[in-house]
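Colleague: I would like to learn how to read salt bridges and pockets. Please start with the charged side chains.

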Amino acid sequence: MNKIIRPVEHILRSERKDPPQFFLGIDGGGTKCRGRLVDKEKNVLVEMDGGPANVFLDPHGAINRIIELSKLILQKAEIQVSDISTVRMCAGLAGFEISSAAEIISNHKQWPFHSCLFTHDSHIACVGAHCDFEGAIIIIGTGLCGGVLKDDDCLKIGGWGNVISDIGGGAWIGKMIAEKSLRAYDGLEPSSELSKEIMKGFDNDPEKICLWASQANTHELGKLVSKVTEYAKTGDSMGLELIKKSCEEVEKMFNELQKHKPPRVSLVGGVRSLVEPRLSPSTGDQLSPAKDSPVGGAVLLAMKNTQVS
């Protein structure tokens, strides 16, 4: 059974009758946070990135990064930061499916915006990919999750975090290449040029990679994906093995989504370019290009059913 996670509306200034003047979409992921500001005519004013915003792993840090990024976006748009109270914000956040994290975010009293709408990252990705029409999405970024938009509800599949879920995502790839490189160093499996390069980054010292791994967050694990990508292009067996597993997980997600009979399925996320060319034709040929990005979906949700003057 898949979980339906409904958006949470947070009206911060319910006494005010004036409508918002600007709309801000936030895509809060485990590696980075992206924001897009538009005016009432839907003109894009600014789009830029900030730090990670996984609300399950670090809810208070995510709150701070969202507010910091929002203020930077206003400054870049040459809008007074004090006018943030005229901005309606919608944030699709990694980790929002965890109720304890969602409560912290939605009950925060110091959001500076006109009003807020909070939901999970696969919801805004679905809305963006299909322009608020029904469809399904596979997100392969720091993690791996799916979503189905139907009758204004979004079913979420997978994406429960790197500890127990998200096999095939960027953090998982980083975790596995570190693990396999250490095993190769110890002679427990064949080494490759990639595993040698990973260990070289830790001065060929198993203690250093162990200490790093014990403290690495999903953002830091995901940084190793670039090495896997680089060496896979040369035919490195270890890199290709991990990419093959990621493709298998994407195809499993695709097959699960198909049970809901979505009219369109799109693949998005920072690791998409690594896996999409290697998917089987039975999956790859059925994917539809996303019409807009997840942050665009957040903007659409922010503007939906909102009166503007």
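Modeller: A salt bridge is a side-chain nitrogen of Lys or Arg within 4 Å of a carboxyl oxygen of Asp or Glu. Lys32, Arg34, Arg36, Glu47, Asp49 and Asp292 are joined by such bridges into a network. The model is predicted: local features need pLDDT of at least 70, side-chain atom pairs count only at pLDDT 80 or more, and totals for chains, interfaces and linings use all residues. Residues are numbered from 1 along each chain as its sequence is written, and side-chain values use heavy atoms, with hydrogens and water left out.

Colleague: How many salt bridges does the rule give?

Modeller: Side chains of opposite charge can pair when their charged atoms come close. The count here is 17. One of them joins Asp203 to Lys208 at 2.6 Å, N to O.

Colleague: Is Asp203 buried or exposed?

Modeller: Buried means under 20% relative accessible area, exposed over 50%, and partly exposed in between (1.4 Å probe, protein chains only). Asp203 counts as exposed because its relative accessibility is 52%. Lys208, at 38%, is partly exposed. In another bridge, Glu189 meets Lys180 at 2.9 Å, N to O; Lys180 has 8% relative accessibility, so Lys180 counts as buried.

Colleague: Which residues divide the lining of the largest pocket into nonpolar, polar and charged?

Modeller: Ala, Val, Leu, Ile, Met, Phe, Trp, Tyr, Cys and Pro count as nonpolar, Asp, Glu, Lys and Arg as charged, and the others, Gly among them, as polar. The lining of the largest pocket has 17 nonpolar, 19 polar and 8 charged residues.
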